[in-house]
Amino acid sequence: MSGLSIGCVYALAGFGFLLVYNAVGAVNFAHGELVMFGGYLGYAASRGMGAPLWAAFLLSLAAMALAGLLYSQVAYYPMRNRPAATVIIASIGMSILLRNSALALWGPDPVKLDSFVGDGLVRAAGVVIPRHQLLIFVVTAAVFIGQSLFFSRTAIGRRLQATAQDQEAARLMGVRVGRMIALTFVLSAVLAAIAGFLLAPLWFLEPEVSLVIIVKAFIAIVIGGFGSVPGLVAGGLFLGVTEVLVASHITSQYKDVLSFLILLTVLMAFPRGFFGEKIEEKV
Amino acid sequence: MSMVAGKGKAAWAAAGCVAAALVLPLVCGESRYYMNVLNLAGIFTILTYSLNLIHGYLGLISIGQAGFFALGAYISTGLNMGLHLGYIPSLVAGGMAAAAAGVLIGFPAARVGGHYFVLVSLGFGEIVRLIILNWKQVTHGTNGINGIPSPTIGPWVFASRFSFYYLILCFVVLAVLATRSLRRSKYGRSMLALKSAELAACVMGVNPLTNKVINLAMAGFLAGTAGGLYASYIGSISPEVFSVDLSVDVLTMTVVGGSGTLAGPIIGAVFLVLLKEWLRFLREFYMILYGAGIVLVMIFMPYGIVGLARRALNRGGIPSFKSQI
């Protein structure tokens, strides 16, 4: 059960990353820091300013939306016509900037963020699960169902999808491509904040946690086949469950070594993941 | 004509650089502090040449150079202290072990594209670090290995910072020569073809697997050797040195200097090592500026200091400079 819930968080964290990748082909290695910042902002608002948790959540969402907008203007837009490696290195630069800002603002010690539903347990049909884990399942389901409706049913969602599929064609159809790309970054950062709020009560928040998040999210994406949303969810759940099983039955010291080995094995054996990324390349 | 003139100029410039490097310790040899900074810059230069191969010739981004560096450091130290193999054989063996690791990650690298390799390399670096951290019987975990002897080659002992400088200089020159001869070989040209258009290069008969594996083995060897030099210079090694931060430092040095160029790694490594020393008073804010600096470099000077210099020189009317990549 705890494997499934942590897997859901990996999938949520990966979703924001994937959104940007699918829309503009940019790989944002600072996404782990965005998730961490979402959690830290909530911590700062609720513990530091004494705001109620829901207010801290809204504040964090708003701040992260703004951060996403800023991020796209600074670390993506000026480099949109350069090789992908340029954007990747810039995002690594952003990740150092954000991680060390967190270190300067909140220090290296782990801090804890409360859950919306407290620490209690729920008994249902003979199984006992912590209430926070139940919340994670509900939110994850809501986000993934919500996104599929958003992208297929609403006008703005369709415009976003058109931009992701073919920027030139979308521009000819009257879609404001620049704005859609900025909006994608905003959505990605908002999703990061949600993931941060779900993750923080489960783990402690510390600046180094961002690296773990991005790596796990990335592995989930790779397992699912780069680009596929259902694949991502399956990949996240698979990774979460495997980790918990390995940690409890075999070794906890080498848990993270194992997730990297999974990554390497998947890349060697199934370079397109279990669900397959459509690879098309033009000379 | 201009090619010949360009070559002559480059040879003079290279000779001038080596001469300057030879007399540098005589100028600032009095200061133990600056000798230390120079030696560290030398070790980082070799590491940066290693990433320069991967990024400059294959276009791949590695944030796992610390893994090669650590392998070289631990294996050469183990062979030298445990089995008394002698300094140079141990150093070479450490480099070879790192080269073998390079071959290992060359296989997934050949099958998947750019952004995957970032994570493959990160994963590799972290696996090495975690194993060093947890395999306490061999590596002593967080305590590390202390009392590593100074390099001894035949009758010579490189115990002082002054003498060590010349040892490192030899290896830096070897790294430069290796990069230069790769650039002029069939393999170097094949790698650059893969970098600019992989599919087109494959159609022309360039084998991506062979070339990527050779490249990563060479890069692994350079970084592993740098690791062995580092261990014998500092005298102790422990896992926290070989973190992602080190790999990111190396990446920054590569892109700031000018990736894929011959002079870029030296310029980038020396510049950033000095910058870190001068800005030491900023403490944790240094790393924030560092991150911002990387983003700014990517926006305003994607080809690094060398690219900037080239552009400035081209405006001054020296077009042949460009042919000397």
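Modeller: A residue is called buried here if 20 or more other C-beta atoms lie within 10 Å of its own. By that rule, 49% of the 283 residues of chain A count as buried. The model is a predicted one, and the values below are computed from it.

Chain A is built from 11 helices and two strands.

Next, the overall dimensions. Along the principal axes, the C-alpha atoms of chain A fill a box of roughly 55 × 45 × 35 Å. The radius of gyration of chain A is 19 Å, which agrees with a compact globule, because a globule with 283 residues would have a value near 19 Å. As for contacts in chain A with a separation of 6 or more, 72% of them join residues 24 or more positions apart.

Chain A also touches chain B: 37 residues of chain A are in contact with 39 residues of chain B. On the chain B side, the elements that give two or more residues are helix 4 (87-111), helix 5 (114-134), helix 9 (198-203), helix 11 (244-257) and helix 13 (284-300) of chain B. Helix 5 of chain B gives the largest share of that side, with 13 residues. Sorted by class, the side of chain B that touches chain A has 30 nonpolar residues, six polar and three charged.

Key. Residues are numbered from 1 along each chain as its sequence is written. Chains are lettered from A and ligands numbered from 1 in the order in which they are written. This is a predicted model: local features need pLDDT of at least 70, side-chain atom pairs count only at pLDDT 80 or more; totals for chains, interfaces and linings use all residues. Helices (H or I, at least four residues) and strands (E, at least two) are DSSP runs, numbered from the N terminus. The radius of gyration is taken over C-alpha atoms; the globule rule is 2.2 Å times the number of residues to the power 0.38. A residue is buried if 20 or more other C-beta atoms lie within 10 Å of its own, exposed if 12 or fewer, and partly exposed in between; C-beta atoms are placed from the backbone. Two residues are in contact if their C-beta atoms, placed from the backbone, lie within 7 Å. Ala, Val, Leu, Ile, Met, Phe, Trp, Tyr, Cys and Pro count as nonpolar, Asp, Glu, Lys and Arg as charged, and the others, Gly among them, as polar.
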